Amino acid sequence: MTYLHFKALHIIFVVSWFAGLFYMPRLLVYHTEAQDKILAAREVLNEQFIKMEKLLWNAIMVPAMWMTLITGSIMIYLTPGWLSQGWMHMKLTFVLGLIGYHFFTRKLILEVQKERFRFSSNQLRLWNEVATIFLFSIVFLVVLKNSVDWIWGVLGLIAFAVIIMSAVRIVKKIREKKVSE
């Protein structure tokens with residue numbers, strides 16, 4: 001296999017891993033919100049969410065993470081000169097952060113499955129956005145191979161996220177106001 005084969009596989013596994021990283025916190029949001037349902041509905045929903053969380057973690061997230069790390073390591077082995085470049089140091093730092101995010105999400109899964117809900121659904125929605133910041137940072141670094149341009153991309157993303165979250169809160173308050181009238 002050539003470098004380009006490993007690069008293609010790496011991209012596929014990164015996409016798969018991020019699919020899980022984006023979806024798992026969303027499941028945790030819904031799992032948390034299910035606690036507001038009546039007992040019978042809550043029990044059914046809890047059982048279903050636990051099943052979905054286990055399947056997503058074991059069948060997609062963990063294998064995709066390992067295959068991402070393996071194919072990335074092979075690409076570095078094939079092009080060792082990258083390790084002398086600053087953008088690669090930053091990328092690997094973000095990858096370590098992403099691995100930390102991955103395993104902290106696992107900790108949240110285990111807590112929720114034990115019916116310990118220490119974060120609200122809104123806090124979990126914000127947690128869900130952390131993966132997006134990692135994605136933007138890593139992609140900008142890899143494509144531009146520049147330590148400055150990724151900062152503008154991430155700052156733009158954060159500004160966009162703040163605007164979207166503000167809009168969501170405004171819409172939520174308007175809906176609550178209409179319901180109470």
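Author: The model is predicted. Start with the largest pocket, which is lined by 29 residues. His10, Val14, Lys91, Ile138 and Val142 lie nearest its centre.

Reader: How much space lies in the largest pocket, and which helices supply its lining?

Author: About 600 Å³ of space lies there. Helices α1, α2 (39-78), α3 and α4 (121-144) each supply at least two lining residues. By class, the lining has 22 nonpolar, 4 polar and 3 charged residues.

Reader: What makes a residue such as Val14 count as lining?

Author: A lining residue has an atom within 4 Å of a point of the pocket. Val14 is one of the 29 residues of the lining, so Val14 has such an atom.

Reader: What lines the second largest pocket?

Author: Among the residues that line it are Arg26, Arg125, Glu129, Phe160 and Met165. About 200 Å³ of space lies in this pocket. Helix α5 (149-180) gives the most to the lining, with 6 residues. The lining divides into 7 nonpolar, 1 polar and 3 charged residues.

Reader: Why is the crossing of α1 and α3 called left-handed?

Author: The axes of α1 (residues 3-33) and α3 (residues 86-113) come within 11 Å and cross at roughly 35 degrees. The crossing is called left-handed because the near helix is turned anticlockwise from the far one by less than a right angle. On α1 the contact includes Trp17 and Phe18, and on α3 it includes Leu98 and Tyr101. The contact residues divide into 12 nonpolar, 4 polar and 1 charged.

How values were computed: Residues are numbered from 1 along each chain as its sequence is written. This is a predicted model: local features need pLDDT of at least 70, side-chain atom pairs count only at pLDDT 80 or more; totals for chains, interfaces and linings use all residues. Side-chain values use heavy atoms; hydrogens and water are left out. Axes are lines fitted to C-alpha atoms, for helices over the stretch in contact, and angles run from 0 to 180 degrees between N-to-C directions. Helices (H or I, at least four residues) and strands (E, at least two) are DSSP runs, numbered from the N terminus. Contact means heavy atoms within 4.5 Å. Ala, Val, Leu, Ile, Met, Phe, Trp, Tyr, Cys and Pro count as nonpolar, Asp, Glu, Lys and Arg as charged, and the others, Gly among them, as polar. On a 1 Å grid over the protein atoms alone, a cavity is a set of points where a 1.4 Å probe fits but cannot get out, and a pocket is an open set with protein on both sides within 12 Å along at least five of seven lines; lining residues have an atom within 4 Å of a point. Grid points are joined across faces, edges and corners, and a volume is the space filled by probe spheres set on the points.
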